Amino acid sequence: MVVALPAVGCTSQPTAGASPGPAFNATDTAWILLMIPMAERAQLLTDLAPSRTADPNLAELAAKTGSTLRGDLRRLRAVLRLSGVPDTHPHEGHDMPGMVSPGTLEKAAATNGQAFDRVLTDALRAGFTQSRLLCAGEQAHGRADEATELAAAIARSTAEQTSRLDKLRAAQPGPVSVGRPLWPPRAEGLGSGTPTPRTIARAPNSRTSAL
């Protein structure tokens, strides 16, 4: 049976010899087995926030998101047990759309302040977007009520978190340019042929320029 979930870079099928419970189809189990590592990776990222973000509002959002992820993981694992399919970690080591990558975690762990905030918010936004897409696929093609109802609940909470995150992202300062300003010129440039604002303004009407 083809798993009717959006393309995420790889597919997940139940372990050979294991069959889903009578109310679960392959979409249900594939969705659960993908959502678990996505939540685990995202939680690792949110756990870094208290010691690295300089924004108390973002720290609060990360704490709430981490708490929600822990609750989601408990429910996902409970539903997986009902399906009768063991968690064989089929996506271990995979980097898929929306999943926090090991590289992102390493980068986040090496930064602080605004740099960390940008890594955190970008990764959470991508994860929220993919989570909603996967939950929509489960609701459309899953069969087990326990799984489809959980997908609906996760989609609702993710939509709320996305809204809060977007407001914080909009308030974040942009990257500061550290390059040399175009004006005024350096002192050494003056007196060595570098035009001043006055000579630039007068040049078109200068008699010297007309000679």
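1. Setting aside neighbours within four places in sequence, S131 is in contact with M35, M38, I154 and T158; contact here means heavy atoms within 4.5 Å. S131 sits in helix α5, which covers residues 113-141. S131 is also buried, with a relative accessible area of 8%. Buried means under 20% relative accessible area, exposed over 50%, and partly exposed in between (1.4 Å probe, protein chains only).

2. A word on the model before going further. This is a predicted model, in which local features need pLDDT of at least 70, side-chain atom pairs count only at pLDDT 80 or more, and totals for chains, interfaces and linings use all residues. Residues are numbered from 1 along each chain as its sequence is written, and side-chain values use heavy atoms, with hydrogens and water left out.

3. How many helices and strands are there in the protein? There are 8 helices and 0 strands. Helices (H or I, at least four residues) and strands (E, at least two) are DSSP runs, numbered from the N terminus. Of the contacts with a separation of 6 or more, 80% join residues 24 or more positions apart.

4. Now the inside. Buried residues make up 40% of the 211 residues. The largest nonpolar core has 42 residues, and W31, I32, L76 and L120 touch the most other members. Such a core is a set of buried Ala, Val, Leu, Ile, Met, Phe, Trp, Tyr and Cys residues joined through side-chain atoms within 4.5 Å. Helix α1 gives this core its largest share, 10 residues. Not counting residues up to four places away in sequence, I32 touches F24, L76, V79 and L80.

5. Finally, confidence. The mean pLDDT (the predictor's confidence in each residue, from 0 to 100) is 78, and 67% of residues reach 70 or more. Over residues 176-211, pLDDT stays under 50, and the model has 12 contacts beyond four places in sequence for them.
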